[in-house]
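Load the model and keep the sequence beside it. The walk below goes from a pocket to the helices and strands around it, then to a few backbone details.

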Amino acid sequence: MLIVIGGLSGTGKTTLARLLAARTGAVHLRIDTIEQAVVRSGLARRPLGPVGYVVGYALAGDHLRQGLTVIAESVNPLAVTRDSWRTVATEAAVPLAEVEVICSDRDEHRHRVTSRSVDIPGLTPPDWQQVLDHAYEPWDRDHLVLDTAGQEPQESLASLLHHLGHQAAPEGSEG
């Protein structure tokens with residue numbers, strides 16, 4: 001299965017993706033990690049354009065063809081990136097779950113953005129104004145919208161697992 005988790009910075013995507021991967025044994029592909037590795041290589045500078053996503057699509061496809069569940073986590077702001085993830089799932093002949101993570105409480109969202117620590121060496125996360133100004137196209141198809149406002153991460157994980165119908169859980173595990 002391919003689980004695509006998108007949403008603006010500071011909504012809880014990475015936390016949720018990590019918890020889900022730990023719970024299910026899935027591979028967690030984080031586009032920020034891929035992009036920062038490209039920058040550290042010295043071959044490119046930000047903004048990178050599609051390179052991080054293109055590498056992510058290739059890695060996801062490889063892992064899916066090996067029979068692994070993949071959690072692809074990124075802002076995923078454009079219809080073209082969402083369509084590309086869908087193509088990856090189709091080509092690998094696996095189910096696709098699309099999840100948009102939001103934080104509907106603006107004050108909580110701002111606090112998360114302004115108080116978080118950076119866990120990728122050299123990455124400068126966007127500030128609050130950059131988050132507000134980020135180009136983000138509305139989703140034009142059915143997908144799960146998960147609101148993390150006022151929730152502990154484990155509560156958001158439980159909600160996600162419920163909505164996934166435990167499809168991402170390995171056999172014999174409890175959901």
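By class, 20 nonpolar, 18 polar and 12 charged residues make up the lining of the largest pocket. This is a predicted model. The pocket holds about 1300 Å³ of space. Its lining counts 50 residues, and those nearest the centre are Ser-9, Gly-10, Lys-13, Asp-32 and Arg-116. The elements that give two or more residues to this lining are α1 (13-24), α2 (31-40), α3 (51-65), α4 (79-92), α5 (106-115), α6 (128-133) and α7 (153-164). Which element gives the largest share of the lining? It is α1, with six residues.

So start with α1. The helix has 12 residues. From first C-alpha to last, α1 reaches 16 Å, close to the 16 Å expected at 1.5 Å a residue. Its buried residues are Lys-13, Thr-14, Leu-16, Ala-17, Leu-20, Ala-21 and Thr-24. These fall within an arc of 160 degrees seen down the axis, so they line one face of α1. The spacing has a general background. An α-helix has 3.6 residues a turn, so residues three or four places apart point the same way. What does the buried set of α1 pack against? The partners are β1, β2, β3, β4, β5 (144-147) and α7. Just after the helix, Gly-25 takes a positive phi of about 80 degrees.

Take Val-101 first. It is found in strand β4 (residues 96-102). Is Val-101 buried or exposed? At 1% relative accessibility, it counts as buried, because the cut-off for buried is under 20%. Leaving out residues up to four places away in sequence, Val-101 touches Ile-5, Gly-6, Gly-7, Leu-8, Thr-11, Gly-12, Lys-13, Leu-16, Leu-146 and Thr-148.

Now Arg-30. This residue lies in strand β2. Despite its charged class, Arg-30 is buried, with a relative accessible area of 12%. Beyond neighbours within four places in sequence, Arg-30 is in contact with Thr-14, Arg-18, Glu-73, Asp-119 and Ile-120.

Move on to α3. It has 15 residues. Its span from first C-alpha to last is 21 Å, close to the 21 Å expected at 1.5 Å a residue. Which of its residues are buried? They are Gly-52, Tyr-53, Gly-56, Tyr-57, Ala-60, Gly-61 and Leu-64. They cover an arc of only 165 degrees around the axis, which puts them on the same side of α3. The cover over this side includes β1 (2-6), β2 (27-30), α2, β3 (70-73) and α4. Just after α3, Gly-67 takes a positive phi of about 90 degrees.

Next comes α5. Here the buried residues are His-109, Arg-112 and Val-113. Down the axis, they fall within an arc of 95 degrees, so they line one face of α5. This buried set packs against α6. On the other side of the helix, Asp-107, His-111 and Thr-114 are exposed.

Finish with the backbone. Most residues other than glycine have a negative phi, and most peptide bonds are trans. Asn-76 is not a glycine, but it has a positive phi of about 50 degrees. Ala-93 is not a glycine either, and its phi is positive at about 60 degrees. Where do they sit? Asn-76 lies in the loop between β3 and α4, and Ala-93 in the loop between α4 and β4. Their surroundings contrast. Asn-76 is buried, with a relative accessible area of 0%, whereas Ala-93 counts as exposed at 69% relative accessibility.

Conventions. Residues are numbered from 1 along each chain as its sequence is written. This is a predicted model: local features need pLDDT of at least 70, side-chain atom pairs count only at pLDDT 80 or more; totals for chains, interfaces and linings use all residues. Side-chain values use heavy atoms; hydrogens and water are left out. On a 1 Å grid over the protein atoms alone, a cavity is a set of points where a 1.4 Å probe fits but cannot get out, and a pocket is an open set with protein on both sides within 12 Å along at least five of seven lines; lining residues have an atom within 4 Å of a point. Grid points are joined across faces, edges and corners, and a volume is the space filled by probe spheres set on the points. Helices (H or I, at least four residues) and strands (E, at least two) are DSSP runs, numbered from the N terminus. Buried means under 20% relative accessible area, exposed over 50%, partly exposed in between (1.4 Å probe, protein chains only). Contact means heavy atoms within 4.5 Å. The expected span of a helix is 1.5 Å times one less than its number of residues. The arc is that of the directions from the helix axis to the C-beta atoms.
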